[in-house]
Amino acid sequence: MNRTMTDGLTSRQTQILKTIIDEYITTAEPVGSEAMDKKYNLGVSPATIRNEMVTLTKAGYLKQPHASAGRIPTPTAMKFYINQLMEEKQMSLVDEVKAKEEVWDSRDDIDELMDGATHALAARTKSLSVAALKDKKNRFWQAGQSYIFQNPEFADLRACQNLFSIFEEFDKMDRLFFGMTQAASPLEVLFGEEIGWPELAPAGIVATHFNIKGKPGALGVIGPARSDYGTVIPILRYFGNLIEEVANG
């Protein structure tokens, strides 16, 4: 796949940024230049890595959490990573067929179909999954709440309470899935930090849209901002297409 380097970063800065993001996705810990030098063969000195990290911080790609020597990627960096650097891990044909079998029997019952799809999506992405359908009144389905607790970002009880509180506010759910994302866009990634809702501050949301017999629907995965998007995005895309195909026959 030909990807053009944008955003004015040099190839070295791009390599360092990608390494920091890969490490942060894996560890959930701020990444320091010494750790980068020890773990990865970047071919430059720790001082050079440090200088480039300072440059990337000034450019808005990295930020320094309180009381930490390391850096973490900003939403700008994560979007650059997703759009330019990330390799998608496609679902296997066997898993695609299995997913279709799991929801096929529910094709004539929208409620069962959406419920089954959110559970199947949650199990595969190891994330909180949400579905929405604009009917006479908005309807929502969710599954996989327990996966949220496996992330250090949500180890704090208040962070979990804040996140789950959004499911009690249907107007916010409606805005999240039908107001902030573009129905014409096949797939979008939103970061809670950018949305400006305290409840979603540590979260990343991937959403896709579909239509069921003329009614707009959305399917989303909510996890930490450092989610493994290379795995999550292709699975979500497949499930969005699958719901539309199965429901519309």
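Which residues in helix H9 (residues 170-179) are buried? I began my notes with this, and I found Lys172, Met173, Leu176, Phe177 and Phe178 to be buried in H9, where buried means under 20% relative accessible area, exposed over 50% and partly exposed in between, with a 1.4 Å probe and protein chains only.

I note that this is a predicted model, in which local features need pLDDT of at least 70 and side-chain atom pairs count only at pLDDT 80 or more, while totals for chains, interfaces and linings use all residues. Residues are numbered from 1 along each chain as its sequence is written, and side-chain values use heavy atoms, with hydrogens and water left out.

**Around H9.** I took helices (H or I, at least four residues) and strands (E, at least two) as DSSP runs, numbered from the N terminus. The buried residues of H9 pack against several elements, among them strand E3 (128-134), strand E4 (138-143) and strand E7 (215-224), and contact here means heavy atoms within 4.5 Å.

**Strand E3.** I then turned to E3, where 6 of the 7 residues are buried, so E3 is largely enclosed by the rest of the structure. E3 pairs with E7 in the antiparallel sense over 6 bridges, and two strands count as paired if DSSP finds at least two bridges between them. In this pairing, leucine 128 stands opposite isoleucine 222 in E7. E3 and E4 also run antiparallel, joined by 6 bridges, and the bridge partner of valine 130 in E4 is glutamine 142. I also noted a hairpin that joins E3 to E4 through 3 residues.

**H1 and H3.** I looked up how helix H1 (residues 11-27) lies against helix H3 (residues 46-58), and their axes come within 10 Å and cross at roughly 85 degrees. These axes are lines fitted to C-alpha atoms, for helices over the stretch in contact, with angles running from 0 to 180 degrees between N-to-C directions. H1 and H3 are therefore roughly perpendicular to each other, since angles under 35 degrees count as roughly parallel, over 145 as roughly antiparallel, 65 to 115 as roughly perpendicular and the rest as oblique. Among the residues that meet are Ile16, Leu17 and Ile20 in H1 and Ile49, Met53 and Leu56 in H3.

**Cysteine 160.** My last entry concerns cysteine 160, which is placed in helix H8 (residues 157-165) and is buried, with a relative accessible area of 3%. Cysteine 160 touches Ile148, Phe149 and Phe154, not counting residues up to four places away in sequence. From C-alpha to C-alpha, cysteine 160 and phenylalanine 149 are 7.7 Å apart in space, and they are 11 residues apart in sequence.
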